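Please open the model in your viewer and keep the selection panel at hand. The stops below go from one selection to the next.

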Amino acid sequence: MWRPWGSSKKSPVRRIHDKSSPFSCSSFKDILHLCAEDYSPSSSSLPLSSAAKRTANVFHRVRIANSILRAWGETRPESNRKLLDSVSDRSVSVSIPDADKRIVVYYTSLRVVRSTFEDCKAVRSILRGFRVSIDERDLSMDSRFLDELKGILGKSKLSLPRVFIGGRYLGGAEEIKQLHETGELKKLMEGLSAAEPATCGVCGGYRFVLCDQCNGSRKIYTEKSGFKICTDCNENGLIRCHSCSYAPL
């Protein structure tokens with residue numbers, strides 16, 4: 001049976017705070033008081049209060065964390081040097097002409113492979129943040145870029161993206177991210193041409209326009225031979241924008 005509403009017996013009040021807890025404060029002022037307490041080594045012979053012990057433990061942990069961070073910071077220059085050495089070795093063996101003042105990025109805008117698309121998106125976002133001239137070559141828009149990249153690197157199987165800065169080959173997404181985190185990528189941007197602030201009025205920033213010969217249909221009609229495939233555009237019926245795109249390598 002349920003207890004009647006008008007019962008004079010009151011239920012016992014349960015305490016929210018447990019006295020057995022090693023840390024308890026009645027107000028926020030007590031927390032400030034504990035943080036303000038200082039632990040001096042000269043008073044080590046005297047018995048320490050619980051608050052002083054807690055303060056000593058906090059400062060001890062802070063000192064350990066700072067020492068770890070300092071040790072980690074001392075080892076980073078060596079790793080940076082190894083990364084730059086590997087980049088310089090690749091740039092000596094692989095380079096592209098007529099690209100001393102700009103960045104050339106081979107990437108894909110298709111979402112077929114999610115990891116590849118995310119890497120391409122991240123690298124383009126990092127490079128665009130420096131506001132320098134970038135020649136973006138989308139392999140999904142023109143398959144001739146793939147043949148061009150294979151000829152440069154001398155490989156048949158390639159992963160994207162691939163980045164060239166100042167005509168030097170730097171690598172893919174992992175190399176660019178590491179160089180950006182260590183600050184070395186900013187040094188490589190020195191001397192490159194600045195990006196134009198306005199969007200191209202011809203292509204709207206897409207770097208491709210419809211073919212002038214076939215208007216994107218990929219077919220041309222002549223009286224002698226009838227319809228034939230247009231050879232001036234790519235498989236999508238597009239050509240590179242003459243206003244903002246660079247000439248193929």
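**The pocket and its surroundings**

Begin with the largest pocket, whose volume is about 920 Å³. A pocket here, on a 1 Å grid over the protein atoms alone, is an open set of points where a 1.4 Å probe fits, with protein on both sides within 12 Å along at least five of seven lines, and lining residues have an atom within 4 Å of a point; the volume is the space filled by probe spheres set on the points, which are joined across faces, edges and corners. The model is predicted, so local features need pLDDT of at least 70 and side-chain atom pairs count only at pLDDT 80 or more, while totals for chains, interfaces and linings use all residues. Residues are numbered from 1 along each chain as its sequence is written, and side-chain values use heavy atoms, with hydrogens and water left out.

Select the 26 lining residues, of which Arg-128, Ile-134, Glu-136, Gly-205 and Arg-207 lie nearest the centre of the pocket. H3 and S2 are the elements that give two or more residues to this lining; helices (H or I, at least four residues) and strands (E, at least two) are DSSP runs, numbered from the N terminus.

Next, select helix H3, residues 114-128: at 1.5 Å a residue its 15 residues should span 21 Å, and the end C-alpha atoms are 21 Å apart, which agrees. The expected span is 1.5 Å times one less than the number of residues. Within H3, Phe-117, Cys-120, Val-123, Arg-124, Ile-126 and Leu-127 are buried, meaning under 20% relative accessible area with a 1.4 Å probe, protein chains only.

From there, move to S1 (103-107), which pairs with S2 in the parallel sense over five bridges, where pairing requires that DSSP finds at least two bridges between the strands. The bridge partner of Val-105 in S2 is Glu-136. Both faces of S1 are covered, with Ile-103, Val-105 and Tyr-107 buried on one side and Val-104 and Tyr-106 on the other.

Now show the largest nonpolar core, which has 32 residues; such a core is a set of buried Ala, Val, Leu, Ile, Met, Phe, Trp, Tyr and Cys residues joined through side-chain atoms within 4.5 Å. S1 supplies the largest share of this core, five residues.

Finally, select S3 and S4, which form a hairpin with two residues between them, and look in the turn for Gly-166, which has a positive phi of about 65°. These strands pair in the antiparallel sense over three bridges, and Val-163 stands opposite Gly-171 in S4.

Technical notes: Buried < 20%, exposed > 50% of the residue type's maximum accessible area, 1.4 Å probe, protein only. Contact = heavy atoms within 4.5 Å.
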